[in-house]
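Subject: Structure handover

Hello,

Here is the structure for your files. Please look it over before reading the notes below.

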Amino acid sequence: AKQDPAAAAAALPAGNPALKRALDAVTTAWAQKDRPAFEIWAASLTDPGERAIARRAALALDAVTDPRQTAHETAAWLAREPGAKESAGELPVSIAQQWWKAKGPPPEVAAWAGSLPEGPARNNAVAEVGRLWVEQDELSASAWANTLELGKGRDQVVRAIVGEISQDTPGDAFAWAGTIQQEGLRGEMLADSVRKWAKQDAAAAQAAVATLPEGQQGNLLEEIGKAQGVKK
């Protein structure tokens, strides 16, 4: 692929799932070496999955030099191309990271992530933007999280918020954790926040746990006991 990407591409049997990774390597090498020739070849692909892999490789390269433009091209690609959402992989996350690194305005990057078509690509992009934003400006990230639709993407943003604030304001972290939709993740983050809260104010933590349905209280009360050094 490095020496002759056109020959390498021609040697790959079309429609063979086992060669998807090889196709990814070929497309990346070709897009780097001769972009016009790559584009002609990519347009000739008839298999939707292979075409998506080729476009993803090109967009990943473009994101390094112009993440903002690539972000919008990626959004359009995800909306129109069959198989794109399934083949996007870590591309949305990489674009968010590159754009953030290039000092893209956080609200603009966040709006882009939230505008992507529903699915793993949007969830991953939203989660990554949330993680980056919480580290930079927790208040602004929290305000944005309140505008997100309930779902996996928002859950991951809330997870980042809880992790960031649970040490200093565990009560707020506990409240945020309770809004997580995924049951396992919600339990994990509630336990994390209540554990830290109990070390600062066990009575307040216990009162907060008492407001939850009885089925959710047991493990959290155990965490409070552990934080106080109480043995069963």
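At 48% relative accessibility, Ala102 counts as partly exposed (buried means under 20% relative accessible area, exposed over 50%, partly exposed in between, with a 1.4 Å probe and protein chains only). Ala102 sits in the loop between H7 and H8; helices (H or I, at least four residues) and strands (E, at least two) are DSSP runs, numbered from the N terminus.

Lys103 belongs to the loop between helix H7 (91-101) and helix H8 (106-115). Lys103 is exposed, at 73% relative accessibility. Its phi is near 65°, a positive value in a residue other than glycine.

On provenance: this is a predicted model, in which local features need pLDDT of at least 70 and side-chain atom pairs count only at pLDDT 80 or more, while totals for chains, interfaces and linings use all residues. Residues are numbered from 1 along each chain as its sequence is written, and side-chain values use heavy atoms, with hydrogens and water left out.

Overall fold

The chain has 14 helices and 0 strands. Its radius of gyration is 23 Å, well over the 17 Å that the globule rule gives for 232 residues, so the chain is more spread out than a compact globule (the radius is taken over C-alpha atoms, and the rule is 2.2 Å times the number of residues to the power 0.38). Along the principal axes, the C-alpha atoms fill a box of roughly 70 × 35 × 30 Å.

Of the 232 residues, 44% count as buried. The accessible surface comes to about 12000 Å², and 51% of that belongs to carbon and sulfur atoms (Shrake-Rupley method with a 1.4 Å probe; for residues, only the protein chains shown count as cover). Among contacts with a separation of 6 or more, 55% are between residues 24 or more positions apart, where contact means heavy atoms within 4.5 Å.

Thr74 is in helix H5 (residues 67-80). Leaving out residues up to four places away in sequence, Thr74 touches Leu59, Leu91 and Ile95.

Pockets

The search used a 1 Å grid over the protein atoms alone: a cavity is a set of points where a 1.4 Å probe fits but cannot get out, a pocket is an open set with protein on both sides within 12 Å along at least five of seven lines, and lining residues have an atom within 4 Å of a point. Grid points are joined across faces, edges and corners, and a volume is the space filled by probe spheres set on the points.

The largest pocket holds about 260 Å³ of space. It is lined by 13 residues, and the closest to its centre are Arg122, Asn123, Glu149, Leu150 and Arg154. Helix H9 (120-136) and helix H11 (152-165) are the elements that give two or more residues to this lining. The lining divides into 3 nonpolar, 5 polar and 5 charged residues (nonpolar: Ala, Val, Leu, Ile, Met, Phe, Trp, Tyr, Cys and Pro; charged: Asp, Glu, Lys and Arg; polar: the others, Gly among them).

The second largest pocket holds about 220 Å³. Helix H13 (183-209) and helix H14 (214-227) each supply at least two lining residues, and H14 gives the most, with 7. The lining includes Glu183, Arg186, Gln217 and Glu223. By class, the lining of the second largest pocket has 3 nonpolar, 6 polar and 3 charged residues.

Regards
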